[in-house]
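Please look through the model below before reading on.

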Amino acid sequence: MPGTRYPLEVNPEIPPRLARLGELANDLWYSWDRPTRALFSRLSSGLWRTTNHSPKAFLKRIDQRRLEEAADDPIFLDTMDRVLTAYDAYHATPATQELFGKLPLQTTDLIAYFCAEFGFHESLPIYSGGLGILSGDHCKGASDLHLPFVAVGLLYRQGYFRQTIDREGKQHSHFTDNDFDDIPIESARGTDGLDIFVDIEFPGRKVCAKVWQARVGNVWLYLLDTDIEKNSLADRSIAHQLYGGDRRTRIEQEILLGVGGVRALRALGLAPTIWHINEGHAAFLILERIRELMAQGQSFATALEAAAVNTVFTTHTAVPAGHDHFSDDMMMHYFEDFRKTTDLDRTTLLGMGRTDGSNDFNMTALALRGSRFHNGVSRIHGDVSARIMSGLWPQVEATENPMDYVTNAVHVPSFLATDWHETFDRHLGLGWQNRQMDPACWLGIQHIPDQIFWSIRQSLKAQLLHLVCSRVRQQQLRNQGSEAHLDRLLRFADPANPTALTIGFARRFATYKRATLLFNNLDWLREILFDTQRPVLFLFAGKAHPADEPGQQLIRQIDELSQQREFAGRILLLEDYDLHLARRMVAGVDVWLNNPIYPLEASGTSGMKAAINGTLNLSVLDGWWGEGYDGKNGWAISPAAVGLNPAQRDAEEARTLYELLQDSVIPLYYRNTALGYSPEWVAMAKHSIASVMPRFNMQRMVTEYATKFYSPAAVQWRKYAGDNFTGARQIAEWKAIVRSAWPEVHLRRLDRALTHIRYGETLHVEMAVQLNGLMPEDLTVELVFTRPGKTSSAKARHHVLRHERPLEDGEHLFICELTPEQCGKMEYRVRAYPSHALLTHPFEMGMMLWL
């Protein structure tokens, strides 16, 4: 129509009786409290869907008359009062104060958690996938445990893209700008009531960032935004798009996050005593903290030790190529002013990010050198990471270097379907939410009658299929598909009769995740799918990064197969995978399929979310499933033998997948169904919940971080920072002495090595150690006992030699007398390594000398 269109939005006035709805809308507590979300949906389910389940946007657009009706509706008011009672109780009463009291944290301690993305809920779209969901869950878990905790990230004008798939199976990426008035954030303000801004030095200019804040239950998330008028057009776009742009954009985002994030916390008056870098994107915070300490008069070496000792670094990457890195020229372009300010030479600065075999500046190397607590995100991934980064501790075996692990977990209130709550209350007892880590609590799952358990599972599947039908219908209409074809596509996805075995695969379409492994042998797949008495429906969903052409090709392959006449309706590809669809899928499918290339799956958490809802996992034994699988709670695909080429490996593992489907999964689902369900299937699903829930919940994960890393980091920080960083200065000076002397430290055996002794006799060992100017207490000399053929020292028996006296020419005598406690063949070796009471990890220097 002709004429100028002027936008206008009329916002309602919230009746006084409903005033606290605004408080609920501005606390991401709603992202895991389903009664709160149901309260908003009750006002207008259609608008709730239209606003993407955002309470804040919802309250701006809800009809005034509907609010006034609700303000006079005693049923609605009673429901709201119950929600508010739960809300106030959550914020007022620490449910796990007993745990917090056991940790050596002080009232002044504060954990600062940095990550490039946070996935709390679809209403705050500043996440792309697993890393963001994990970081969001970490914040929620910290809130549940009432830890002193703040999080820092970037506020993207455009979060990750919305996805559509056209008739040819091509992915289309749609980026839309977030309306900051519609998402649960507000300006962070200082004590003067003014908005907080921080400046960050960039080449030839300063970039100004505004600080926003979001409440996440009992913790706060702070987000930096450069899209302000004070900045140039180019600088306003630094944080415009999550994982967008080129290498220049990437380094500028990471400087903004690391350097700007530290300055934002300072501007807020916060003084963290524990710093947690979740993936390497935020590692520049180490350089900023070093700069701060040097500005206070500390040397670079002292500042590095002080900054590192209370820094935790978590890596989520299982391949060297996955770590961010920048060229030396780019680093010097952006950090030349830093180098001049700190009076560092170029070699020292670039050396912070150097790895073997590369001339680039590696962010993971920076994070490892600038931290003293490091971990992977599963047992397998911890071992992989220790090997990948072993060059940072060159003389230490990978099995003993400082790389640890904490296996990821999921936030149960966010991903456990509402349908389970009442049944759990009845059979597990009230307060089960606070007993998530207690295996005995979850044995009560066995008391749920099979019929009730199965009815809940069928209800969850029906809810999923209802959403599937809606999304497939929308996609087909947009792609001009016919009604007849739509009916064919949805013939097995019937919400009214959800009896077909439904298998889900949903995750980022990266090539190592092998979304198309199921199609390795189409003849065998046809044999599996075309049993009319035992129908199977496969659901696929996921996005590929817009720059990832191989990943997008996987989507096209799946779409092409799903459109073939013989597979139509048996394989469905759902577009625009988001948190809403994820919650439905993990709870609603019968089997969760995961088949990555081993050992490239760092952890994976979608399978955990499925398992706690009674969905059974069918997965390669990688990531978390290597710990979670017990032989009775799902099915495992063992990695193919080492040495096979990729085609052989895929064929071998696809064969295992087909055999499991054909011989185990499908027969079990359809076995003994005279009752309307398979009792054996229900028994396995119950065991899946009981075995996975107590081990892979966020309470366990955050508690493990608190006990293994946060508390020791706080203790070490106080040792290092006290008396104007005397501890940090001492350890820095001692390390410099050791590094200088170590090349000329040698071991020499003085006694004759015996090959046989009798049980009860004493083994006597004498070692002459050339200390090269070091003191005897500067190193530990020990015997390492293993059984023949065991090469790792990690689980060996260790016996320390004591210093006896000086010898000639700088040598010192160390001796050991011990009586072996075991009989049989064994081997022992002699080694020495630097030791000091202030070291955080005994092998953090990476130095070890073997005889």
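1. Which residues have the most contacts inside the largest nonpolar core? They are Phe 114, Phe 149, Phe 284 and Tyr 710, in a core of 172 residues, where a nonpolar core is a set of buried Ala, Val, Leu, Ile, Met, Phe, Trp, Tyr and Cys residues joined through side-chain atoms within 4.5 Å, and buried means under 20% relative accessible area, with exposed over 50% and partly exposed in between (1.4 Å probe, protein chains only). The largest share of this core, 18 residues, comes from helix α29, residues 698–741; helices (H or I, at least four residues) and strands (E, at least two) are DSSP runs numbered from the N terminus.

2. On the source: this is a predicted model, in which local features need pLDDT of at least 70 and side-chain atom pairs count only at pLDDT 80 or more, while totals for chains, interfaces and linings use all residues. Residues are numbered from 1 along each chain as its sequence is written, and side-chain values use heavy atoms, with hydrogens and water left out.

3. Leaving aside residues up to four places away in sequence, Phe 284 touches a set of residues including Ile 251, Ile 255, Val 259, Phe 326, Met 331, Phe 335 and Phe 361, contact meaning heavy atoms within 4.5 Å. A second, separate core has 74 residues, among them Val 412, Ala 417, Ile 612 and Ile 666.

4. In helix α16 (residues 379–388), the buried residues are Ile 380, His 381, Gly 382, Val 384, Ser 385 and Ala 386, and they pack against β13 (373–376), β14 (403–405) and α26 (625–628).

5. The second largest pocket holds about 1200 Å³ of space. Here a 1 Å grid is laid over the protein atoms alone: a cavity is a set of points where a 1.4 Å probe fits but cannot get out, a pocket is an open set with protein on both sides within 12 Å along at least five of seven lines, and lining residues have an atom within 4 Å of a point. Grid points are joined across faces, edges and corners, and a volume is the space filled by probe spheres set on the points. Of the 36 lining residues, Arg 49, His 53, Leu 467, His 580 and Arg 584 are the closest to the pocket's centre, and α20 gives the most to the lining, with eight residues. The lining divides into seven nonpolar, 16 polar and 13 charged residues; Ala, Val, Leu, Ile, Met, Phe, Trp, Tyr, Cys and Pro count as nonpolar, Asp, Glu, Lys and Arg as charged, and the others, Gly among them, as polar.

6. Four cavities of 30 Å³ or more are present. The largest cavity, with about 80 Å³ of space, has a lining that includes Val 472, Gln 475, Asp 559 and Leu 572, and α20, α23 (549–563) and β17 (571–574) each give two or more residues to this lining. The second largest cavity, with about 50 Å³, is lined by residues including Ala 116, Tyr 156, Arg 250, Glu 254 and His 281, and helix α10 (residues 247–267) gives the most, with four residues.

7. Overall, the protein has 29 helices and 28 strands, and 58% of its 851 residues count as buried. Its C-alpha atoms fill a box of roughly 95 × 65 × 50 Å, taken along the principal axes.
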